[in-house]
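Student: I have a model open and would like to understand the words used for it. Could you take me through them?

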Amino acid sequence: MENKKVLTLLLGSPRIGGNTENLADALAEGASEKGYEIKKVHLAALTLKGCTDCRKCWSTGKPCILNDDMDQVYPEIEDASVIAFVSPLYFYSWSSQIKPVWDRLIPYYMPGALRTTPSKKAILLAAAGDKEDFAFDGLRASFKLTANFLGWKILGEVCAPDLYFKGDIETKGTKWIEEAKKLGLSL
Ligand SMILES: Cc1cc2nc3c(=O)[nH]c(=O)nc-3n(C[C@H](O)[C@H](O)[C@H](O)COP(=O)(O)O)c2cc1C
(Lines give C-alpha, C1' and ligand atoms only; values in the text may rest on other atoms or scores of the structure.)
Protein backbone atom coordinates (compact mmCIF):
# COMPACT_ATOMS: atom_id res chain seq x y z
CA MET A 1 0.00 0.00 0.00
CA GLU A 2 2.79 2.41 0.99
CA ASN A 3 4.59 1.87 -2.31
CA LYS A 4 1.54 2.34 -4.46
CA LYS A 5 2.17 4.90 -7.18
CA VAL A 6 -1.07 6.34 -8.48
CA LEU A 7 -1.28 9.97 -9.57
CA THR A 8 -4.85 11.21 -9.92
CA LEU A 9 -5.38 14.43 -11.84
CA LEU A 10 -8.56 16.24 -10.81
CA LEU A 11 -9.13 18.59 -13.74
CA GLY A 12 -11.18 21.64 -12.84
CA SER A 13 -11.32 23.39 -16.20
CA PRO A 14 -14.30 23.20 -18.52
CA ARG A 15 -11.86 23.68 -21.44
CA ILE A 16 -10.72 20.36 -22.83
CA GLY A 17 -7.06 20.70 -23.80
CA GLY A 18 -6.83 24.09 -22.10
CA ASN A 19 -3.87 25.61 -20.31
CA THR A 20 -4.28 23.69 -17.06
CA GLU A 21 -4.85 20.37 -18.80
CA ASN A 22 -1.54 20.92 -20.59
CA LEU A 23 0.15 21.42 -17.22
CA ALA A 24 -1.51 18.24 -15.94
CA ASP A 25 -0.34 16.26 -18.96
CA ALA A 26 3.23 17.45 -18.45
CA LEU A 27 3.10 16.47 -14.77
CA ALA A 28 1.74 13.08 -15.82
CA GLU A 29 4.49 12.62 -18.39
CA GLY A 30 7.15 13.12 -15.73
CA ALA A 31 5.34 10.95 -13.19
CA SER A 32 4.87 8.13 -15.74
CA GLU A 33 8.60 8.06 -16.25
CA LYS A 34 8.88 7.50 -12.50
CA GLY A 35 6.52 4.54 -12.67
CA TYR A 36 3.27 6.23 -11.71
CA GLU A 37 -0.08 5.03 -12.98
CA ILE A 38 -2.01 8.10 -14.14
CA LYS A 39 -5.72 8.66 -13.70
CA LYS A 40 -7.44 11.68 -15.20
CA VAL A 41 -10.81 12.91 -14.00
CA HIS A 42 -12.52 15.64 -16.06
CA LEU A 43 -14.68 17.17 -13.34
CA ALA A 44 -16.55 19.42 -15.77
CA ALA A 45 -18.11 16.33 -17.34
CA LEU A 46 -19.57 15.30 -13.98
CA THR A 47 -22.49 16.50 -11.90
CA LEU A 48 -21.11 17.51 -8.53
CA LYS A 49 -23.38 19.12 -5.98
CA GLY A 50 -22.16 21.30 -3.14
CA CYS A 51 -21.89 20.00 0.42
CA THR A 52 -25.20 20.61 2.22
CA ASP A 53 -23.77 20.38 5.76
CA CYS A 54 -26.40 17.74 6.62
CA ARG A 55 -23.97 15.96 8.99
CA LYS A 56 -25.18 12.61 7.65
CA CYS A 57 -21.80 11.52 6.22
CA TRP A 58 -21.51 7.69 6.08
CA SER A 59 -25.12 7.19 7.25
CA THR A 60 -25.85 5.27 4.05
CA GLY A 61 -22.52 3.44 4.10
CA LYS A 62 -20.87 5.73 1.55
CA PRO A 63 -19.02 8.95 2.30
CA CYS A 64 -21.87 11.30 1.29
CA ILE A 65 -25.63 10.80 1.18
CA LEU A 66 -25.97 12.88 -2.00
CA ASN A 67 -26.43 10.80 -5.11
CA ASP A 68 -24.31 12.32 -7.82
CA ASP A 69 -21.02 11.79 -9.61
CA MET A 70 -18.94 12.18 -6.44
CA ASP A 71 -19.69 8.45 -6.19
CA GLN A 72 -17.13 8.09 -9.02
CA VAL A 73 -14.67 10.61 -7.60
CA TYR A 74 -14.45 9.21 -4.04
CA PRO A 75 -12.88 5.89 -5.17
CA GLU A 76 -10.35 7.80 -7.29
CA ILE A 77 -9.37 9.86 -4.26
CA GLU A 78 -9.14 6.82 -2.01
CA ASP A 79 -7.06 4.93 -4.57
CA ALA A 80 -4.58 7.76 -5.25
CA SER A 81 -1.24 8.20 -3.56
CA VAL A 82 -0.75 11.66 -5.12
CA ILE A 83 -3.63 13.96 -6.07
CA ALA A 84 -3.13 16.96 -8.36
CA PHE A 85 -5.73 19.69 -7.95
CA VAL A 86 -5.76 21.33 -11.37
CA SER A 87 -7.69 24.56 -11.67
CA PRO A 88 -7.93 27.67 -13.79
CA LEU A 89 -7.94 30.76 -11.59
CA TYR A 90 -11.55 31.93 -11.47
CA PHE A 91 -11.97 35.20 -9.59
CA TYR A 92 -8.78 34.53 -7.67
CA SER A 93 -10.00 31.17 -6.45
CA TRP A 94 -10.94 27.63 -7.54
CA SER A 95 -13.19 26.99 -10.51
CA SER A 96 -16.72 25.96 -9.54
CA GLN A 97 -16.06 22.58 -11.17
CA ILE A 98 -13.39 21.63 -8.60
CA LYS A 99 -14.56 23.42 -5.45
CA PRO A 100 -17.25 20.82 -4.58
CA VAL A 101 -14.57 18.13 -4.47
CA TRP A 102 -12.73 19.99 -1.75
CA ASP A 103 -15.88 20.56 0.30
CA ARG A 104 -16.98 16.98 -0.04
CA LEU A 105 -13.77 15.63 1.46
CA ILE A 106 -15.32 16.45 4.84
CA PRO A 107 -16.74 12.89 5.37
CA TYR A 108 -13.22 11.56 5.78
CA TYR A 109 -12.70 13.93 8.69
CA MET A 110 -15.99 13.44 10.50
CA PRO A 111 -16.05 11.57 13.82
CA GLY A 112 -17.01 7.97 13.09
CA ALA A 113 -15.70 8.05 9.50
CA LEU A 114 -15.74 4.55 8.01
CA ARG A 115 -12.64 5.37 5.99
CA THR A 116 -10.02 8.13 6.21
CA THR A 117 -7.36 9.48 3.85
CA PRO A 118 -4.43 10.28 6.11
CA SER A 119 -1.43 9.68 3.87
CA LYS A 120 -2.28 11.45 0.63
CA LYS A 121 0.10 13.82 -1.06
CA ALA A 122 -1.10 16.85 -2.98
CA ILE A 123 -0.01 19.04 -5.88
CA LEU A 124 -1.48 22.33 -7.10
CA LEU A 125 -1.52 23.18 -10.81
CA ALA A 126 -3.11 26.45 -11.91
CA ALA A 127 -3.19 28.95 -14.76
CA ALA A 128 -4.37 32.55 -14.87
CA GLY A 129 -4.78 35.43 -17.27
CA ASP A 130 -3.22 37.95 -14.87
CA LYS A 131 0.43 38.66 -15.40
CA GLU A 132 1.34 38.91 -11.71
CA ASP A 133 2.22 35.90 -9.59
CA PHE A 134 0.39 37.38 -6.58
CA ALA A 135 -2.89 36.71 -8.39
CA PHE A 136 -2.50 33.14 -7.10
CA ASP A 137 -2.15 34.16 -3.43
CA GLY A 138 -5.74 33.28 -2.48
CA LEU A 139 -5.67 29.94 -4.28
CA ARG A 140 -2.32 29.06 -2.74
CA ALA A 141 -3.53 29.94 0.75
CA SER A 142 -6.64 27.81 0.30
CA PHE A 143 -4.58 24.90 -1.00
CA LYS A 144 -1.99 25.10 1.75
CA LEU A 145 -4.41 25.57 4.64
CA THR A 146 -6.71 22.81 3.40
CA ALA A 147 -3.91 20.33 2.79
CA ASN A 148 -2.60 21.07 6.27
CA PHE A 149 -6.07 20.58 7.74
CA LEU A 150 -6.38 17.23 5.97
CA GLY A 151 -2.88 16.21 7.07
CA TRP A 152 -1.79 15.82 3.46
CA LYS A 153 1.78 16.45 2.43
CA ILE A 154 2.24 19.11 -0.28
CA LEU A 155 4.69 17.98 -2.95
CA GLY A 156 4.76 21.16 -5.01
CA GLU A 157 2.92 23.55 -7.26
CA VAL A 158 3.03 25.11 -10.68
CA CYS A 159 1.03 28.34 -10.95
CA ALA A 160 1.35 29.76 -14.45
CA PRO A 161 0.37 33.44 -15.03
CA ASP A 162 -0.23 35.42 -18.22
CA LEU A 163 -2.17 32.64 -19.96
CA TYR A 164 -5.62 33.83 -20.93
CA PHE A 165 -6.58 32.14 -24.18
CA LYS A 166 -6.72 28.45 -24.89
CA GLY A 167 -3.36 27.53 -26.43
CA ASP A 168 -1.45 30.35 -24.71
CA ILE A 169 0.53 27.79 -22.74
CA GLU A 170 1.85 26.27 -25.95
CA THR A 171 3.08 29.61 -27.33
CA LYS A 172 4.24 31.51 -24.24
CA GLY A 173 4.05 29.05 -21.37
CA THR A 174 6.57 26.38 -22.29
CA LYS A 175 8.56 27.27 -19.16
CA TRP A 176 5.58 26.16 -17.05
CA ILE A 177 5.18 22.93 -19.00
CA GLU A 178 8.81 22.15 -18.24
CA GLU A 179 8.27 23.00 -14.56
CA ALA A 180 5.30 20.64 -14.39
CA LYS A 181 7.23 17.82 -16.05
CA LYS A 182 10.11 18.39 -13.63
CA LEU A 183 7.69 18.17 -10.71
CA GLY A 184 6.39 14.87 -12.12
CA LEU A 185 9.92 13.54 -12.41
CA SER A 186 10.56 14.47 -8.78
CA LEU A 187 7.79 12.21 -7.49
C1 LIG B 1 -15.12 32.85 -15.05
C2 LIG B 1 -13.67 33.16 -15.22
C3 LIG B 1 -13.01 33.82 -14.21
C4 LIG B 1 -11.65 34.11 -14.35
N5 LIG B 1 -11.04 34.77 -13.31
C6 LIG B 1 -9.72 35.06 -13.42
C7 LIG B 1 -9.05 35.72 -12.35
O8 LIG B 1 -9.62 36.03 -11.31
N9 LIG B 1 -7.74 36.01 -12.49
C10 LIG B 1 -7.05 35.68 -13.63
O11 LIG B 1 -5.85 35.97 -13.70
N12 LIG B 1 -7.66 35.01 -14.66
C13 LIG B 1 -8.96 34.70 -14.57
N14 LIG B 1 -9.60 34.02 -15.58
C15 LIG B 1 -8.79 33.53 -16.74
C16 LIG B 1 -8.39 32.04 -16.60
O17 LIG B 1 -7.82 31.78 -15.35
C18 LIG B 1 -7.36 31.69 -17.70
O19 LIG B 1 -7.97 31.88 -18.97
C20 LIG B 1 -6.81 30.29 -17.61
O21 LIG B 1 -5.68 30.17 -18.46
C22 LIG B 1 -7.83 29.22 -18.00
O23 LIG B 1 -7.24 27.93 -17.90
P24 LIG B 1 -7.83 26.71 -18.77
O25 LIG B 1 -7.45 26.97 -20.21
O26 LIG B 1 -7.19 25.50 -18.21
O27 LIG B 1 -9.31 26.71 -18.56
C28 LIG B 1 -10.95 33.74 -15.52
C29 LIG B 1 -11.64 33.06 -16.54
C30 LIG B 1 -12.98 32.79 -16.41
C31 LIG B 1 -13.69 32.08 -17.52
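Tutor: Gladly! A residue is near a molecule or strand if its C-beta atom, placed from the backbone, lies within 6 Å of it. Of the 19 residues around the ligand, Gly18, Thr20, Pro88, Ala128 and Asp130 come nearest. This is a predicted model, where local features need pLDDT of at least 70, side-chain atom pairs count only at pLDDT 80 or more, and totals for chains, interfaces and linings use all residues. Residues are numbered from 1 along each chain as its sequence is written.

Student: Which helix gives the largest share of the shell around the ligand?

Tutor: H1 does, with 3 residues. Helices are DSSP runs of H or I with at least four residues, numbered from the N terminus.

Student: Why is H1 called largely enclosed?

Tutor: A residue is buried if 20 or more other C-beta atoms lie within 10 Å of its own, exposed if 12 or fewer, and partly exposed in between. In H1, 11 of the 15 residues are buried, so the rest of the structure largely encloses this helix. Among them are Thr20, Leu23 and Leu27.

Student: At what angle do the axes of H1 and H6 cross?

Tutor: Roughly 35°, coming within 6 Å; axes are lines fitted to C-alpha atoms over the stretch in contact, with angles from 0 to 180 degrees between N-to-C directions.

Conventions:
Helix = DSSP H or I, 4+ residues; strand = E, 2+ residues; numbered from the N terminus.
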